[in-house]
Amino acid sequence: MEDFWAFALWALRIWLYLVISLIMIPAMFGFSLGISETYMTILVKTLEWATLKIQKGYADEQLEASASNGLIQREDGSMEKELEELRRSRPKPPVGGDFTLSDCFYFTRRGIESIVEDEVTQRFTSEELVSWNLLTRSHKDFQYISLKLTLVYGLGIFVRYCILAPLRITLACIGLTWLVIGTSAVGLLPNWRMKFWLSELVHVMCYRICARGLSATIHYHNRENKPQKGGICVANHTSPIDVVILCNDGCYAMVGQVHGGLMGVLQRAMVRSCPHVWFERAEMRDRHLVTKRLQDHVNDKTKLPILIFPEGTCVNNTSVMMFKKGSFEIGATIYPVAIKYDPKFGDAFWNSSKYSMVSYLLRMMTSWALVCNVWYLPAMHQQEGEDAVHFANRVKSAIAHQGGLVDLQWDGGLKRAKVKESFKEEQQKQYSSMVVGEDSSSNSD
Amino acid sequence: MGSKSSSLNKIPNAQELMQETGFSAAHILRLYERFEFLDVDQMGELRPEDFGAIRELSMNPIGDRIISAFFSPGKETVDFASFVRILAHFRSTETNRTRDGAQPEPANSRTRKLKFAFQLYDQDRDGKISREELLQVLRTMMEMQVTEEQLQSIAERAIQEADLDQDDAISFDEFRKSMEKVDIDHKMSIRFLS
């Protein structure tokens, strides 16, 4: 029995040394041994092979390769067209308005359609894949195709859960521990120039380790547009991992609420080595206080650029929701960044209503990998006479355009919020003008 | 790659619901996910506020009436079974499986669809749409866009057209008669993708 434990301990030590030397050290210093590249190439080839197999298997059946999330197919007819059709069954009366009892059918149907499915909430479920990527979680409708595919799938499960997951968890733990220790250590130093340089080094190293902990392959584009000190970096938000992705390539000051527990420990440690902007829960309500603190941070040119996600919530990376205007009122230079994940290798979207943070991270660690593209866009300034909302929309369009995402007009907060009366009035106006005709124009304004 | 029915187990009475409403297993599953999504505090039941959170529904002039159609009189919550039963009214009749005469009328028959629409007007469920009830509907649909006189004349004409027994109210049969030429199945159906 003792031999067994001795052996197990020895194996564990070898494992740790391997991990540290082959993965951590290269990660920390930014060069690569090519292991992950090889892994990615094999992975891509396997997935391509799987896709071909599935497509062949489906060739007999009719397969609509639609990448939509939809449960229902909506009629696209406008209000006018549909109500016209309903009225066709009888002639228009000379007096008393053009109303029929069947008018309500149109509105009822639209109402029920929106209960079953609506455009806004579709953005808060994970994107469906056109072809299966050998992960159980993306497996909705796919059936048995062939023995080989099943074997590869089984092998995939083994590799992901037994080999990759422990590896990644080890790396993540090492990364976070090092972050806490390193930043606290740097925080003890007096304020020399060395301190800033060291703090940046520590931060970047830890984030690189964490990135390896997720098998993240990140492609940065247009690095000449990287955010500078004294500016605000805005990006679209898909998951908390966005922070790791962006911080792999530079140091940012974070903004957020003070949390308890593990997050709180991290936050306090990070603040020791370089200034971040953490708010107490009560302070978040006071918009002036928030704006003032952000402004102070931005005006101090020695402080790092602030990283903000103006959507305010996680979205599923197919579109960009409306930006909250708070960060655009400060008057600083805005550096937009677009982040787009490749869903083939793993779904990065954090559905906070479905998964807790821990189960989300575990899902991330048992995916194949995380591949994403980051585009740095040229800096934007608020123009003369432009209000914050308009500026925010301009930035949002730029990000959506670059990332290939849909530029939505809806507010991210609408996941759970009620809508304004004015939109209902629009519908009422349109309907009334159909019923009462020209008479209503004298009343409506 | 387990079979679909294993995930149906978390839905109570799934098989009966499928039988009763005619939805396929896949649809029931999707609708259950939707139900869970709308059920913000995970109570297993929906309240009117949960429906109110749907943006497009709040913009709908008769949105509130559609919402209250889900709740039986006196009840303040709706469970998944009732949710699905109401939605079953909107299935297209094209996909009805053949049934023997012993089975009750399917949820999405023409009559049932008409009944649903009728009840949107007839809020007090007395079987007749009175002039006052009609005026109320017209008001919610057009609110401030028309004058009171215009509303009255519209209601007057609508009742005159449909009221055959001259009792100044529209009964369900009169309602149905006035809808004879309307393609109910098309207008009151939602196309569920399989």
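Trainee: What pLDDT does chain A average?

Mentor: Chain A averages 76, and 80% of its residues score at least 70; pLDDT is the predictor's confidence in each residue, from 0 to 100. This is a predicted model, in which local features need pLDDT of at least 70 and side-chain atom pairs count only at 80 or more, while totals for chains, interfaces and linings use all residues. Residues are numbered from 1 along each chain as its sequence is written, and side-chain values use heavy atoms, without hydrogens and water.

Trainee: Where in chain A is the pLDDT below 50?

Mentor: Residues 412-418 are one such stretch, with 16 contacts beyond near neighbours in sequence; contact means heavy atoms within 4.5 Å.

Trainee: What makes E3(A) and E6(A) a pair?

Mentor: Two strands (DSSP runs E of at least two residues, numbered from the N terminus) pair if DSSP finds at least two bridges between them. E3 (residues 232-235) and E6 (residues 306-308) of chain A have three, in the parallel sense, so they meet that definition. A:Ile232 has A:Ile306 as its bridge partner.

Trainee: Which residues of the largest nonpolar core have the most contacts inside it?

Mentor: They are B:Phe83 and B:Phe175, in a core of 79 residues. A nonpolar core is a set of buried (under 20% relative accessible area, 1.4 Å probe, protein chains only) Ala, Val, Leu, Ile, Met, Phe, Trp, Tyr and Cys residues joined through side-chain atoms within 4.5 Å.

Trainee: Why does this core lie between domain 1 and domain 2 of chain B?

Mentor: Because domain 1 (12-89) and domain 2 (106-186) both give residues to it; the bounds come from an automatic or database domain assignment.

Methods. Chains are lettered from A and ligands numbered from 1 in the order in which they are written. Helices (H or I, at least four residues) and strands (E, at least two) are DSSP runs, numbered from the N terminus. Buried means under 20% relative accessible area, exposed over 50%, partly exposed in between (1.4 Å probe, protein chains only).
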